[in-house]
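Open the structure in your viewer and get ready to select residues. The tour moves from stop to stop.

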Amino acid sequence: MGLMVDRICAVGRSSGQMTVEFVAALPVLLAVAAVSVNALTFFGWCAAFDDDFRDSVRVYAASPAYGQGVGDTCALIERALDERLDAENVSVSVSAHGVSAGHTSFSATLEYMPTLFGLGLKSEVMGVELPKLSHTEELVVDCYKPGVLL
């Protein structure tokens, strides 16, 4: 009987241990989950951004309209990307570089601001800093202008 009472008392003393361990580990688990969800979401945005950027460059830059300059082409590509990637925590910028020998290099940057599981923009979760993430894609094309001799 004495042995049984000792075991019951030992179980009673450690019954809250698991709860205390869970409460201590909860902030770490939430931070890891927030970072993981944001990383996977960012990778998804990058995949969509790459496809949309290549499509937009092929449509607007490969054969620009008469009188359409490189700056106009960049604005058209950026507008198309903004329409396709419509989210409050995603921004896009487009620029052109290296205009020579008929080839133009178009570069676009996707900037992603992390969220707290989609509930709003946050710069940190439980003391863990969530930095702004960016991804750049570049494509070189020959901007063919029918009827224009170089």
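Start with Ile77. Show what surrounds this residue. Leaving aside residues up to four places away in sequence, Ile77 touches Phe53, Ser56, Val57, Tyr60, Ala61, Val94 and Phe106. Keep in mind that this is a predicted model.

**The core**

Now widen the selection to the largest nonpolar core, a set of 19 residues. Which of its residues touch the most other members? They are Ile77, Leu81, Phe106 and Leu110. Next, colour the elements that give two or more residues to this core: helix H2 (17-60), helix H3 (70-84), strand E1 (90-100) and strand E2 (103-112). H2 supplies the largest share, 5 residues.

**Aromatic rings**

How many aromatic pairs does a search of the whole structure find? The search finds 3. Select Phe42 and Tyr112 to see one of them, a tilted pair. The ring centres lie 5.9 Å apart, and the planes make an angle of 45°. This pair links distant parts of the chain. Phe42 is in helix H2 and Tyr112 is in strand E2, 70 residues apart. Are these two residues buried or exposed? Both Phe42 and Tyr112 are buried.

Next, select Phe49 and Phe53. Their ring centres are 6.2 Å apart and their planes meet at 15°, so this pair is stacked. Phe49 and Phe53 sit 4 residues apart in helix H2, about one helical turn. Phe49 is buried, and Phe53 is buried too.

Phe42, Phe43 and Tyr112 form one aromatic cluster.

**Salt bridges**

Now show the charged side chains. The count of salt bridges comes to 3.

Select Arg54 and Glu137. Their side chains meet in a salt bridge, with N to O at 2.9 Å. This pair also joins distant parts of the chain. Arg54 belongs to helix H2, Glu137 to strand E5 (residues 133-142), and 83 residues separate them. How do the two partners count, buried or partly exposed? Arg54 has 30% relative accessibility, so Arg54 counts as partly exposed. Glu137 has 13%, so Glu137 counts as buried. The cut-off for buried is under 20%.

Move along to Arg58 and Asp55. Arg58 forms a salt bridge with Asp55, and the closest N and O atoms are 2.6 Å apart. Both residues lie in helix H2, 3 residues apart, about one turn of the helix. Asp55 counts as partly exposed, at 33% relative accessibility.

Then pick Lys132 and Glu111. Their side chains meet in a salt bridge at 3.7 Å, N to O. Here, too, distant parts of the chain are linked. Lys132 is in the loop between strand E4 (128-129) and E5, while Glu111 is in strand E2, 21 residues apart. Glu111 is partly exposed, with a relative accessible area of 31%.

**The surface**

Select Phe22, Val23, Leu26 and Leu29. What do these four residues form? They make a nonpolar patch on the surface, with about 380 Å² of accessible area together. Zoom in on Leu26, which has its place in helix H2. Leu26 counts as partly exposed, at 35% relative accessibility.

Terms used
Residues are numbered from 1 along each chain as its sequence is written. This is a predicted model: local features need pLDDT of at least 70, side-chain atom pairs count only at pLDDT 80 or more; totals for chains, interfaces and linings use all residues. Side-chain values use heavy atoms; hydrogens and water are left out. A nonpolar core is a set of buried Ala, Val, Leu, Ile, Met, Phe, Trp, Tyr and Cys residues joined through side-chain atoms within 4.5 Å. Buried means under 20% relative accessible area, exposed over 50%, partly exposed in between (1.4 Å probe, protein chains only). Contact means heavy atoms within 4.5 Å. Rings of Phe, Tyr and Trp (its six-membered ring) pair if their centres lie within 6.5 Å; planes under 30 degrees apart count as stacked, over 60 as edge-to-face and the rest as tilted. Patches are made of residues with over 30% relative accessible area and no salt bridge: like charges are joined within 9 Å, nonpolar side chains (Val, Leu, Ile, Met, Phe, Trp, Tyr) within 5 Å. Accessible areas come from the Shrake-Rupley method with a 1.4 Å probe; for residues, only the protein chains shown count as cover.
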